[in-house]
Structure formats: C-alpha cells, structure tokens
4 protein chains.
Amino acid sequence: VILRDPVHGLVSFEAPPYTLVPALLATREVQRLRRIRQLGLAALVYPGAEHSRFSHAIGAAHVMMRLIQRLEQVHHELPPEQRVTGERARELVAAALLHDVGHGPLSHLFEDALPNAPCHEEWTRRILMSSNTEVHQVLVRCDPGLPERVCELIAGRHSLPYLAGTVSGLIDVDRCDYLLRDAHFTGVTYGQFDLAWLLRSLRLGVAEGQNAPALAIDGVKGLPAIESFVLARLFMFQQVYFHKAARASEWHVSSILARLRTLLENGDSVTPLPPAMRALVLNADASLEDYLRLDDGILWHCFDAWTHARDPILSDLCRRLQSRKLFKTLELYGAEPTEERWAELLERARTLAARAGMDPVHYVGLDEPRDVPFDSGKDRLRVLLPDRSRHKSYAPEDVSFVLGRLRGQDLVRRRLVYPRELRDSLLCD
Amino acid sequence: VILRDPVHGLVSFEAPPYTLVPALLATREVQRLRRIRQLGLAALVYPGAEHSRFSHAIGAAHVMMRLIQRLEQVHHELPPEQRVTGERARELVAAALLHDVGHGPLSHLFEDALPNAPCHEEWTRRILMSSNTEVHQVLVRCDPGLPERVCELIAGRHSLPYLAGTVSGLIDVDRCDYLLRDAHFTGVTYGQFDLAWLLRSLRLGVAEGQNAPALAIDGVKGLPAIESFVLARLFMFQQVYFHKAARASEWHVSSILARLRTLLENGDSVTPLPPAMRALVLNADASLEDYLRLDDGILWHCFDAWTHARDPILSDLCRRLQSRKLFKTLELYGAEPTEERWAELLERARTLAARAGMDPVHYVGLDEPRDVPFDSGKDRLRVLLPDRSRHKSYAPEDVSFVLGRLRGQDLVRRRLVYPRELRDSLLCD
Amino acid sequence: VILRDPVHGLVSFEAPPYTLVPALLATREVQRLRRIRQLGLAALVYPGAEHSRFSHAIGAAHVMMRLIQRLEQVHHELPPEQRVTGERARELVAAALLHDVGHGPLSHLFEDALPNAPCHEEWTRRILMSSNTEVHQVLVRCDPGLPERVCELIAGRHSLPYLAGTVSGLIDVDRCDYLLRDAHFTGVTYGQFDLAWLLRSLRLGVAEGQNAPALAIDGVKGLPAIESFVLARLFMFQQVYFHKAARASEWHVSSILARLRTLLENGDSVTPLPPAMRALVLNADASLEDYLRLDDGILWHCFDAWTHARDPILSDLCRRLQSRKLFKTLELYGAEPTEERWAELLERARTLAARAGMDPVHYVGLDEPRDVPFDSGKDRLRVLLPDRSRHKSYAPEDVSFVLGRLRGQDLVRRRLVYPRELRDSLLCD
Amino acid sequence: VILRDPVHGLVSFEAPPYTLVPALLATREVQRLRRIRQLGLAALVYPGAEHSRFSHAIGAAHVMMRLIQRLEQVHHELPPEQRVTGERARELVAAALLHDVGHGPLSHLFEDALPNAPCHEEWTRRILMSSNTEVHQVLVRCDPGLPERVCELIAGRHSLPYLAGTVSGLIDVDRCDYLLRDAHFTGVTYGQFDLAWLLRSLRLGVAEGQNAPALAIDGVKGLPAIESFVLARLFMFQQVYFHKAARASEWHVSSILARLRTLLENGDSVTPLPPAMRALVLNADASLEDYLRLDDGILWHCFDAWTHARDPILSDLCRRLQSRKLFKTLELYGAEPTEERWAELLERARTLAARAGMDPVHYVGLDEPRDVPFDSGKDRLRVLLPDRSRHKSYAPEDVSFVLGRLRGQDLVRRRLVYPRELRDSLLCD
C-alpha cells in the first residue's frame, strides 16, 4: 500500500515485514478508528481538528518504520542478539499501529468520564487478545505469539528496553506523529519540530552503569531537535490540549455522563442507550463486541436524542451542547492563588448557580489539567557529545540550556467552569 | 469571533457587517455541517481527507470577506449605486457561508444516488426560507428580506452580476476555499494556487458591449494566478474527485441505495431506517425537519446494521463496504476506445458476475465522471492588459498560453466498476 | 558531510560512492560558484532570488543521489550489466554536481552577451579536463578516466542512455533542483511539484522498438507528478525567467558588453578590465586561469567603475544600471501581430531615441525569449499503464489530458526594449 | 511598488505615507545592501544563507507597515496627540527600512574586527545626515527635519516611547523580519513564529506607574506568540548565529584583519587595499564616500589577492579561507569548567601551535559569544489578562510558564578556536 498523508507525504508499506500493516488496516477494529476523532471536542475550538485516530495510527506506523530504518543504520555496534531483526520490526510496527485501537468515543474524554470502567489500554489489550477480533486473527496468522508480544510492547515492556522506548518514551512514535498531526490540522504552527533531523540524530548508546543499549542522541546534530520536540509538545498542551473552551466542553460532556449514571443508578430509563454505555455506567464494564459498536457518531446521536429526555438536567445539558451554549471558565493569573481562594470561588459560583435554579454539581466545577513538559527519570534518552576523541553520554538537562531550565517543572492550568448566565454576577464582585 | 484555520491562518469576523457570521455559525443547521464530510468517501483513499463542510463554510466566508475588502479598494471607479455597500457585503458573506448548508450525508454522493429527490441547492433554499430554522431566524432578525436575497445570490442572481459571480463563477469563493482546503487535508500539493495574488489582481472592468461592471483581472499581475487556479482545479479533479477508488466507493454506496429503493418499493422492511431516507426513497421528498436529522454518522450506522439485513444483496454490499472489500475499476488507455468496446466490456463483466452468482446490475457498472476544466462563455472573467496608455480587455483564452490550449476541452474518465473476485477472469482474456 | 538545505531539508553525502561529493565541494572551482548567482539579474525583480550556483550544485547532487537510490530499487529487472553500479553512481553524482561549474558571471547572461566566446558547457569541459584544476585532481585521484566519463555524461552521452537522461533529459536532476530552488528563493509558489512522488514513480521500461532500458514512469501513480513538473517549469519561464524587467535588465547588460566590445575593437582603453574579459571580447577566448577569476562581484565592480568611463554611451548605460533606471518593455497582446508591425515599432522607437540624443542600437531593441514547454521526441520518457494483466508503454502526450494539449507548442514572449524617457512619446501615438 | 517576497508573500508600498519606501529603495546607498550578505559567513555552513541586507530592509519595512496598521486599529483609546499619524508612520517605515543601511562588508563581522572604527549605527547616522547621499536627499525632499527624526528613531528615541519600541525593542520589526528570513534561507525550521497572530495581539496599554502608552499584548491570544518568538530567537542563536563553524570562520576573518592592521602599522604595503580599509585600520575612520564603496565582493577580492601577499601569515590565513581549510573548535560540556581550565587549554593549544611553526596569536584563540534570550527590564512589553471584568497588566515572566523559567538567564557558548592540524595532538592528551 502506498498513500498520501498530509503530514508525512508519501507513505508506503510495501515490503516485509511492513506488509503486516495493510492487513491490519483492513480490519474492522482499525477501520472503526475512522469514526473516532483524535482530539475529541477540540474541533469546537479549532475547526480544522476533525482528524481521526485512523490517520494517526497510520502516521505512527510510518514514523516507526523510519525509526527502525535509522536503528538499522546504527545497530551494528551492538552484539547481534541485541539488534533489530525483521521479527522485531514487525512487532514494533504493529504496536505503533495498534497502540490506541482501544479508544472509545471522543478519545480520552470517554474514559475520563467513566473512571471505574476499563481504560483504553485495557480495551486495546482485549482487542489484541480476543480470538474474535479481526486484528487478533491477522496477528495470529503471522505468528501465534504475536498478539501477546505486541501487547507487551504497547505496555512498554520488551527484553530490549530501547525498543520499548520507541513505543512509549520521551520521543516515542506516538508523540512524534500526534504533535505534527495535531499541528497540521489545528493550524497551530507552534507544534512543529524537525522529525528528519531527530531521526537522523538517533544513536544507540549505553546508559550509565548499565550494559543494555539505550536510545541516545548525537548531541551536536540532534540536541536542537530534542529541545524543539519538547517545546512543541509544551505549546500544544498550552494551546490545544489545555485550551479553556476545549476543556470546558470536555467538562460539559463529563457532566452529561455523570448525570446519565445517576439516572441509571436510580432506575430511570434513558433512550436511546447503546448497550455498551449502559453496561459501562452500571457495571463498569461491557462486552468487547458491544464496546466496538461505540463511536463518535453514536454518542452525538444520543446527545441529540437526549435533548428530549424527561430529566431536566440531562436534557438541558444536551441542549446547551447542541446549540453550542458552552460553559465559561475563569482563570486566576499572577501570584499563585491559595487553595482557600479557589475553594471560596467554587463555593460562590455554586451558590450563584443554585440561586439561578441550576444544579450546582452538574453546572459548576474546577478543572485542573496538569503535565510535566520535561521530566528526567532513569532509562531516559541520553545525549552523546564529543569528549576528546571519544563520545561521552549526558542527561539532556545537563547539556541543554532550555531543558535544564524546564526540567521537572509542573504545568498546571486550574480553572473554574461555570454556566455563562452567571458571568456577570460572578465577575462583578 | 477570531479563530485559527489550518488553511487561511488567522480568521476573524469581528466588525459589522461580518458579525452576522458568528450568529449563523451558532445555528443548529450550520453546526450540522460538522457531521458531514466535505469529500464524502475520499477519506477511504486519502486518510487525511476527514474535514467537514463546516470548516469549508467558514473558509468560504473568510475568502468572501477578503474579496469584498479588495472590491472596496477598486470600486471607486464605479458610480456609487454600483459599489459594494455594507448591506451588500452582509448578503455576500451570508451567501458564502450558507451556500452548501443543504448538503446531505456524504455531500454530493447522497443526491447523486437519489436523482429524483430535491438537490442540495433546493434544501439550501428551504433551510433559508423556512421560518422554523435557526438560520432563517438569524437572517430575518437582521432584515426580513435577507433570506430571499441570500437565496438569490446563492442561485447566481443579483442586480449587479459581478457580485453574483463571487458566489458562483469561474473563481468564486466556494472554489477558492475548497481547492486549498481539499489540498491541505488530502496532502495533494498540486491543488495550490496563490490566493493573495489572485485577490490583489482583481479589478472591476466593463465587459465588451455592456455597461454593467464585471469582475476582471489585472493581467500583468494576475494572469498566472488565474492559470494556476484553473490548473489546480484540474489536478484536484484528476487526482482526488475522479480518483478511481473514491469513484468506485461512491458507485458502491449508490448501489446500496439503489438496492434499498428496490426493497422499499417491494414493500420489504429494512431497519433501521431514518424517516427522511424512507421518505426520500419512496416519495422523492422529505420534511425539512427529518432531513436535517441526517448526517454521515447516521448513514454509517445504517450500513453497519444492514450487514445483518435479510436481503442477501443489501447485506453483502454493506459487508463489503464495512470490511473495505471495495470494488475494482478498469480503465482503457491510449486511442479513444469505441462505444462498442465499452458495451462489450460491460456485457462480459456482467456475464462473469452472473456466473459467479452476483447480481449483474448491483455489482457491475460504468462510471463516467466528466468536467470541463476551462470553459469560456459570456459574462466571464475579463483580463485587462496595457494597450498604449490605457487598458484593453481580453478573454483569458486569448492572452494565456495554457488557457488558450485547454479551453472547452472535456475531461472524461470512464471506467468499468466490478467486484474484485472477477479480476483474474476479466483481465486474463 | 551532512547539511541543511532550505529546499531539500537534510542533505548528506556520507557513504561511498557519495563521499566524492564533499571532496569536490572543497575545490576552488566549485567554491567559486558561491559568487555566481543562479538567476543572474532576477534579484532586481525578485529580491529573494540571491541564491548562488553553489547551492544549486549541491541540490542537483542530492536529487541525483535520491534518483539513484530509486533506480537501485527497480533495476533488478535489467540484466546485471545494465544496472547502476557503484562506479556509475559516482560518475552520475559527479556529473550532477559539476554540470554547471563552467558558468561565468551572472550565469547565462554572460555567454549570451559574448556569442563567439566558448559557451559554459565548453568551460565546464575545460575545468574537468585541465590537469591544473582542483576538480580535475580530485576526480583523477579516484580514477584516471573519471574526468572524461563525467564530461561525456554532462554532454548527454553514456553507453546506457537512461543514465544520460538523468543528467540531461525531460526530468533531469538539474531541472528538478532548479525549479524547486528558484521557486523557494523567488517566492513564486507556482514552481512547485512533488519530487518524492515523481522519484517514487520512476521505473525502467523498454522503449518501443528498442532493447535498451529507458526511464519510464508508473502512470497510475506518477502521471500527475510529470504533468505538474512540466507546468511548474512553464510557470517559472512565464513568471521568472521571461519576466519583463529581468529580461530588460539582461538586455541592458548585453548592451553594456556590446559597447565594451566596440570600444576595445576601436582600441579605446577601458579600465578596470579583468584580463579574461579583455581576452573574451577581443579574442573570443581566454585562459582558464583568468576565466576562473571572474565572478559577479568583479562584474559589478567594473560596472561601478565604468560610470566614470570616458565613452558617454558606456558611462550612461552603467549609471542607469547602478541607479536602477532600468529599461522599459512593450508587449503586444491579442491576435498575433505581424512581423511588419514589430519592424515598424522598432523603427519608430529607434527614431525617437535618436531624436532624444540616444544611440538607437544600444538603447532600443527587440527581445524574444522562446521555449517549448513540452516536446516529445524519441528517447523520451515513457509512461507505463496497466493493460490487462501486464503494463503497456505510452508516450506522455497520448495519455495525459494536459500534456496532450501542450505538446510541441511554442512559448514566445516578444517585447520591445526601450529607455523610459521615451515612454510617453512611444505610447501616445 | 508591489513585489513578491519569499518570506512575507505579496509586499506592496503603494499609498502614502508608504510611497517613501520605493524612493528610498532606489537610492545608491540602499541598493548597496544587495551586495552585503545578511549573515556574513554563515553561508559557509548553511548553503542557502546567501540573502542580502537588501531583502531584509524591505522585509522590516513591510512588517512595520503591518504593525502600524494594527496600531491604527487600537490607538483610538489614546488621546489624539499620542496616536499614530501619517507623518509618524512615514518616519517609522523609513527607520525600519534604513536601520541597518550603515553595515559594512559581511555585516557585523566587519565592525567586530575593527573595534575602534565607527560602528554600523554611526555609519547609518552619517548616511542619513550627509547632504551628499541619495538617501538624505530623498528624506529631505519630504521634510527637512526627516533625516534627524529617523536617526532618533533608529537610536531608540522618540517622544512616544511605544513608537521607538517598534524599531528597537523586545519584538521590534528588525527581529521580526530577520528571524523569519534567516529561518527561510538557512532552512532552520526552528526559527519560526506566528507573525500574524503576534501583530493581531498587539494592544496599547499603560505601563505600571506611568501615564505614557506602552506596547502590550493581549495575553489570552498573544502569549504563545511572544513565547514562540523568544524561543525562535533562542534557537536561531544556538543553531545559526553561534554555530561553531560560522563563529570559527568569523574568528578567521578577524585574524586576517588583525594581521592586516599589524602590517600596515609596521609600514608594510599590502595590495590591493581599498582606501576605506586602509583608513579604517590606520586612522579608525574613513570618508563616507570611500566607506560606501566597500561590499562583500571587494573583501573577497582582497582575500583572494592576498593569498599572494609577501607576509606569510597573511597569505596563509587567506589561502586557508579560500580553500575552506577552516579552523576547528573545541567545546567543554557538562559541569561548568573553571577559568583555569580554559586558560590551561588556551595555553596548551598556543604552545602546540608555536611548536608547529604557527603564530600562536593569529592561529589560536577563545571565542565566547553571549546573549540573554529573555531579559525583563523596565519599559518592556506588558501582557494584559482579564481580571474580573477589566484587564490587568503583567510582566511576561509572571504569567508565562516558559518565560518565567528563562528570564535573565545567560546563554554562553565558549569555544577554543585552533587550526585543524593540531586536532590530534590537542585531543589525544
């Protein structure tokens, strides 16, 4: 298969071991990703952000293929048993393609709103391991042990840790693709970095005090690529993933699902209701078959129908979503406000909501997304720099001006979420 | 409203008369366009092509705003009553935003498959004129005559023909946006042209033998912009809109809908079936309210459910679509083949299909998309070029090397569509 | 060597046979190309077009490397003796890098103004074959026969014609690089085409009635790439290479050099005057050593000094250039004007010039650049398209809508060049 | 004038007060900038970086025009006497165009190598104030006080400090253009930021404790634009301006000029030698007329001729430059090395050089470029953020995650510069 991708240009999977990719793409479970948007509700804010998890899956597999080609250029320094074999390449590219196959509607949003239900990683595992799925059958046809090995890789486990790091690590193929893809589709130009230069700088070093090979970067060529990768990710978090209106919309949908749960637990009837949603809300689990029937379209169909629900809270919340009467947010700037200040603010907003006849819990809340843009634990990427006539390995933060200053710093964007009717009374003291 | 568009960058509608745009964007009917993909099934071939008609509507309105700003720079040569007023600008931008609001699921595909039902232009008119729609209410709140005037513009009628030409003409805002947008999302780089330079070259000339002002281009600056616009459109037709697999998929869906019609006409029951689809198939019309409930998600939901339909043709066609077992195409190259050659080929393929137990009519067909990349009738864009110390007006084909050679030429891509099981027997004589 | 090119991104020549490239780049003759602008005087019109022949040489070598890598993917169908060997790859990349090393100041302009002097191809040959040049020494150090073989390739001769076609042919590496490079630096976006897709579509077919392998294109994938390549070239000719002000400036410089010749032939002294220029003008040849001392800076230095020349024509022409008092052009549009019309016009302008005290020959002329955007002779690129279960080979014009309509058509832009003082009297009848 | 710029696209200066721009562009002094490369010797490392100060001057004027258009949208909150008038706009755009007109050959390099000679700012002042220059004459023709007022602006002085800040400040038009331009021509993609969004976010606030208006940014929209601007600049410093080979080349040229000074001070003759260079080296000054004859071409012409100089140091240094036998650098990574360590290293390298027969001072040195990527003094850009129903003004570092962590941090890249022959003995202890 050879195709055109707006992010990576010409993409092809034509020779073994990559011919597994077209077979996996044709499965029902992977095709389902076409109906799940990569960025959940962000299209409400960024109209271009309508891309699905399907094109991201292709992109991640493509980046993995290029990364493997680079590893093959530099793995000759390793003992043969530690190198990238055809079999390992096949596992890696399958893991890249399938790493998110278990996502539910609106991606992360769905699992966040149902905290007791299985997470998307668990659904991914079930899809790979269930003998009923087409994905499983394609994998098993290659090799009976493949589903298990791909699951392990997706979980970040491999006897060669440097290979696990390409699926899940500081600069893994998932991040490499989603940063570029989300930037292309939102139009947020800050989310760019130089993938070609980053891949070209990859080396296999040996981590301090260990003898297993580790992913490393040739620092003279590659340090700016790593720095701009970390900063691109930081910008995308600030601008897109933590965008106030996108976060408020997600809070909005969570509130709808929370109300749904209360109603179902009270024995109220809500229709239509896909079996998987009923099961997930009431039993914190569902059958795989039912789960795979869920997608963004189904969820929007429900929200649309629920505008006529009997419960006034559920119907009002759905109507607000349908007519884009989204929730507002309030942020506090400058010197870090105390917990008391936030508690007071929340309390005041809830009192105002109650006075206005709105349920305080479903209409007012605190949202507090959090990320560490650059952390540096063990097993992390090393940077190789010339030291006399050899190379010496450093932690990125010890040789990078900007990473040294960002290391371990916490990015938090706390906001009060509240209905727009309260805006005036809340802001004007 | 100020937002980020991946195609046009910073887009804003902040001052009158453009403040009508955010009000229209918030309506239920325009929001529905978020759930209708611009390119129908092309995402099956170009994974990035998942953009909706919603972002195209914003883009068309943005281009219209820029075009009006250009017209305002050059309309001083006209008598005051022929210039762009604030009121006319409001109508134009509303027409640009709403020109496609009547599209059904999968855009053009839906209306092509139901040839007797109202076309999308008719649905657009109904949406604008029905007092029940939010779009109508927003327009009427501005001015009771606005819905009617916007409808006229969309239909290409205005007392100042040069204004109608911006909504529907050789280089109208619809084309300006969709070419750039489809290129960005498919990754087909050929579909680019230089919008800034094209707009900057716009002038208001007077057409030969008339005294009404006409859209014209300053030829010294703008001729290459027009040429590359026409060629970009030609490339997009060749590469995307007429792509063999995209066309085969559309033929596939048409075949499903044709089968649906036969079943319903026979009194067979098919479930689920949205009321609008039943009505459109059986009565060639539907209520506006039902029609507006249709979107891509609903259609895919039906196709998914119909894989279990009792009718073996319907269920098989839906299963093929779901598992991407798409139809194949056969094209004949070189010297123009005769009609007889095509008739023979079709006959042979249908015979082979019947022998293989497949219904010939629903499984084999001819597809023949057709376009004239550059035509030149009356009322067309004029090109102004210096002639001694004045300007003289020419038809584009008389002063452009490439347009002179393309004028009136017909682009046709005829193909046989057939099921992949027949490939070997069909090709190997 | 690994470097960053604004056109191709990451460019590297790190493994044999490409390590010859850095050695050639370091030679004095190739470094001299840094001081010769690729587009001559076009920077007077396109301020960004200040790139040199040096970066174009690197770009051409890079495209050749990618093209060879593609040929290596598909040459297995050929008998071993017809395949690309390491030795052939080395010759090809050297030919790509060195194909223009003989250019004089302001590129084509210099040789056009001195029609009896050796052309740049001849200087290239001398540089490669002279034992005194560093280029020659680097080549000979690899293989004593290399200079000769590289010369042959640059001249379009090789025992395997498909290899000669990569250096000089419809889609050779010279064109591939200069179109993209000139587009990037001028900002003329029309000059883009999809290099990755074009290279990927390359195949080795067999030309009709021959048994030597020929460059071919997989038509299903690659036809649009070829079409857009031809159109990109057409646009660059129309917009940049034939730009009226750029052409008028080139005519201006030719006029200066023509006047220089007259003066020298009359025995007048002009200073400063680099030895190579004196020799070229008076003897139609120069020593290689002197020739290699010429560059753009020297020429501008002369023009600057000649503003004080005794000859009033020479000094006036140089003053006009220095203060950008450039010549104007007049073009005739619409129906093809007759030769008489042009002769009359030239006559009238010369009369007006003489009346205004200007030398008619050095101040008025006709400029008539000419190009055939798409021709189709023998030995040309073939297009492979499926025919039943095999492929059949076609001429591009027989299967391409747009190339079929452009084939053999002549692009001519004739213009009168005249001094701006005559504008009013010339235009107002 | 309307032209195509590869960085900004369509650029035009067509209506007053911007019609001053074409008049200034046509002057001899501004045209001279075509022959001075923006990045000095960086093209030795980045082959695309061949752009001149001329296109940067146009770019800076273009950005100023857009910035003024934005200020005109928001200056209505100021009292009329503080707003941007046509006259002020004319001064601003002239200052933007002319801010670097005094640069000598190879830009900064030339003045760095001649520390006692007038700096480029002083030459700019002389060009503007001398009644002999065409620039002066063009300015005076508009208004006799214009040269003086433009000089003041370039020096950062204006009765309205917010206007001075647009010529010289954190986000001035000089930086806005050179970051984007240098990124485009080097191909270093990290140097991008979103100019449209940055300009759109501009507001006129009032600085804390003052009553003069100050440039401010609407923080909700514009903070990421400022952050990415600062980071783009940091990346360009790290990647391009402080690139080891570019810096080593600049050290190389400084060493040539230092040697030239010694020879001239000793009364030795060096030819050729432009009068301005002799005067600058011996008298630390030169006549304006002589100075304006200098450009990159002249300097390279000298270096080329000096390869035959009698002095062995001068001729050897020039030969090394001509044949790209550039100097090497050595950097120390990890924990900050002590001053003693550097002193030792320098001493050792000089000893090795002396032993190898090379003059230690002209062949070995320390290079220590330094920049503060983000400082925050008084009079700086303010950030406006919502505070209840009003806006409150903050320092960028108090509301930006990344700027808060970079503020006041010093970027230093110290390196030993030494001849490549010493590499082995220096590195292998």
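Where in chain A is A:Trp306 placed? The place of A:Trp306 is in helix H16, residues 296-306 of chain A, where helices (H or I, at least four residues) are DSSP runs numbered from the N terminus.

## Basis of the model

This is a predicted model, in which local features need pLDDT of at least 70 and side-chain atom pairs count only at pLDDT 80 or more, while totals for chains, interfaces and linings use all residues. Residues are numbered from 1 along each chain as its sequence is written, chains are lettered from A and ligands numbered from 1 in the order in which they are written, and side-chain values use heavy atoms, with hydrogens and water left out.

Leaving aside neighbours within four places in sequence, A:Trp306 is in contact (heavy atoms within 4.5 Å) with A:Ile256, A:Leu260, A:Val270, A:Thr271, A:Pro272, A:Leu273, A:Met277, A:Leu314, A:Ser315 and A:Cys318. The C-alpha atoms of A:Trp306 and A:Val270 are separated by 7.8 Å, although these residues stand 36 residues apart along the chain.

The side chain of A:Trp306 also reaches the backbone oxygen of A:Pro272 at 2.9 Å; a polar contact is a pair of N or O atoms within 3.5 Å, of which, within protein, one must be able to donate a hydrogen and the other to accept it, and residues adjacent in sequence count only if both atoms are side-chain atoms. In chain D, the bond from D:Thr271 to D:Pro272 is cis, with omega near -10°, and D:Pro272 is found in the loop between helix H13 (244-265) and helix H14 (275-283) of that chain.

## Positive phi values

Most residues other than glycine have a negative phi, and most peptide bonds are trans. A:Ala284, which is not a glycine, has a positive phi of about 55°; this residue lies in the loop between H14 and helix H15 (288-292) of chain A, and at 25% relative accessibility A:Ala284 counts as partly exposed.

For D:Leu106, phi is positive and near 60°. D:Leu106 is found in the loop between helix H4 (86-98) and helix H5 (108-113) of chain D, and counts as buried at 3% relative accessibility.

## Helices of chain C

Helix H3 (residues 53-74) and helix H10 (residues 173-186) of chain C have axes that come within 8 Å and cross at roughly 125°, the axes being lines fitted to C-alpha atoms, for helices over the stretch in contact, with angles that run from 0 to 180 degrees between N-to-C directions. H3(C) and H10(C) are therefore oblique to each other, given that angles under 35 degrees count as roughly parallel, over 145 as roughly antiparallel, 65 to 115 as roughly perpendicular and the rest as oblique. Their contact is made by C:Ser55, C:His56, C:Gly59, C:Ala60, C:Val63, C:Met64 and C:Leu67 of H3(C) and by C:Val173, C:Asp174, C:Cys176, C:Asp177, C:Tyr178 and C:Arg181 of H10(C).

Helix H16 (residues 296-306) and helix H17 (residues 312-322) of chain C pack at an angle of about 120°, with their axes 8 Å apart, and that makes H16(C) oblique to H17(C). The residues that make this contact are C:Trp300, C:Phe303, C:Asp304 and C:Trp306 of H16(C) with C:Leu314, C:Ser315, C:Cys318, C:Leu321 and C:Gln322 of H17(C). Helix H12 (residues 219-241) of chain C is mostly covered, with 21 of its 23 residues buried, and at the start of H12(C) a side-chain oxygen of C:Asp218 reaches to within 3.3 Å of the backbone nitrogen of C:Val220.

## Two histidines of chain B

B:His62 is found in helix H3 (residues 53-74) of chain B and, at 5% relative accessibility, counts as buried. Not counting residues up to four places away in sequence, B:His62 touches B:His8, B:Leu10, B:Val11 and B:Phe13.

B:His243 is found in the loop between helix H12 (219-241) and helix H13 (244-265) of chain B, where a polar atom of the B:His243 side chain lies 3.0 Å from the backbone nitrogen of B:Ala245. With residues up to four places away in sequence again not counted, B:His243 touches B:Val45, B:Tyr46, B:Phe237, B:Gln238 and B:Arg415.

Terms used
Buried < 20%, exposed > 50% of the residue type's maximum accessible area, 1.4 Å probe, protein only.
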